Amino acid sequence: MSQHIEAFTDGACSGNPGPGGWGVWLRYGKHEKELCGGEPNTTNQRMELQAAIEALKALKKPCAITIFSDSKYVVDGITSWIHGWKKNGWKNTAKKPVANAELWQQLDTLNAIHDVKWQWIKGHAGHEGNERADALARQGIPT
């Protein structure tokens, strides 16, 4: 059986909105890669989404991957809510434009390329992958 890629993703914001960062820790067997970045004026939700996007963008070919995120917004959004948003022309149940639609659309496109399993994990609970992703996200915040 081929090895499976794991990605731990997290976003962080200093103020919300404010300077924000995203972090990704990718693992594939004995290989690992750390990624981080940020924006000077953003929100925590945008950084959580950006982390998931960057995890998938880092893959060089279609892969089986599990993305672990402590963001119910990201996990519920990509596994459940997005179907209604697409059907309703990127409007939410209140008939208003979906927040962060351009990031959701980018994530949706990347999600379709790969065999992605989305897994929510409790944040700040001592989980090694989440703690590493959180540290990377904080590292990515522009000063």
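Among contacts between residues at least 6 apart in sequence, what percentage joins residues at least 24 apart? In this predicted model, the figure is 65%. Here's a quick tour of how the chain is put together.

**Overall layout**
- You'll find 4 helices and 5 strands in the protein.
- Starting at the N terminus, the elements go β-β-β-α-β-α-α-β-α.
- The radius of gyration is 15 Å, close to the 15 Å from the globule rule for 143 residues, so the protein is as compact as a globular protein of that length.
- Picture a box of roughly 45 × 40 × 25 Å along the principal axes: that's what the C-alpha atoms fill.

**Inside the protein**
- Of the 143 residues, 47% are buried.
- The largest nonpolar core has 32 residues, and the ones with the most contacts inside it are Leu56, Ile65, Trp104, Leu107 and Trp118.
- Elements giving two or more residues to this core include strand E1 (5–13), helix H1 (44–57), helix H3 (101–113) and strand E5 (115–120).
- Take Leu107: leaving out residues up to four places away in sequence, Leu107 touches Leu49, Ala52, Ile53, Leu56, Ile78 and Trp118.
- There's also a second, separate core of 6 residues, with Phe8, Trp25, Ile121 and Ala133 among them.

**Surface and charge**
- The accessible surface is about 7,700 Å², and carbon and sulfur atoms account for 52% of that.
- Counting charged side chains gives 17 positive and 15 negative, and the centres of these two sets sit 6 Å apart.

Technical notes. Residues numbered from 1 in each chain as written. Predicted model: local features only at pLDDT ≥ 70, side-chain atom pairs only at ≥ 80, totals over all residues. Heavy atoms only, no water. Core = buried A, V, L, I, M, F, W, Y, C linked by side-chain atoms within 4.5 Å. Buried < 20%, exposed > 50% of the residue type's maximum accessible area, 1.4 Å probe, protein only. Contact = heavy atoms within 4.5 Å. Rg over C-alpha atoms; globule rule 2.2 N^0.38 Å. Areas by Shrake-Rupley, 256 points an atom, 1.4 Å probe, with all protein chains shown as cover. Lys, Arg positive; Asp, Glu negative; His and termini not counted. Charge placed at Lys NZ, Arg CZ, Asp CG, Glu CD.
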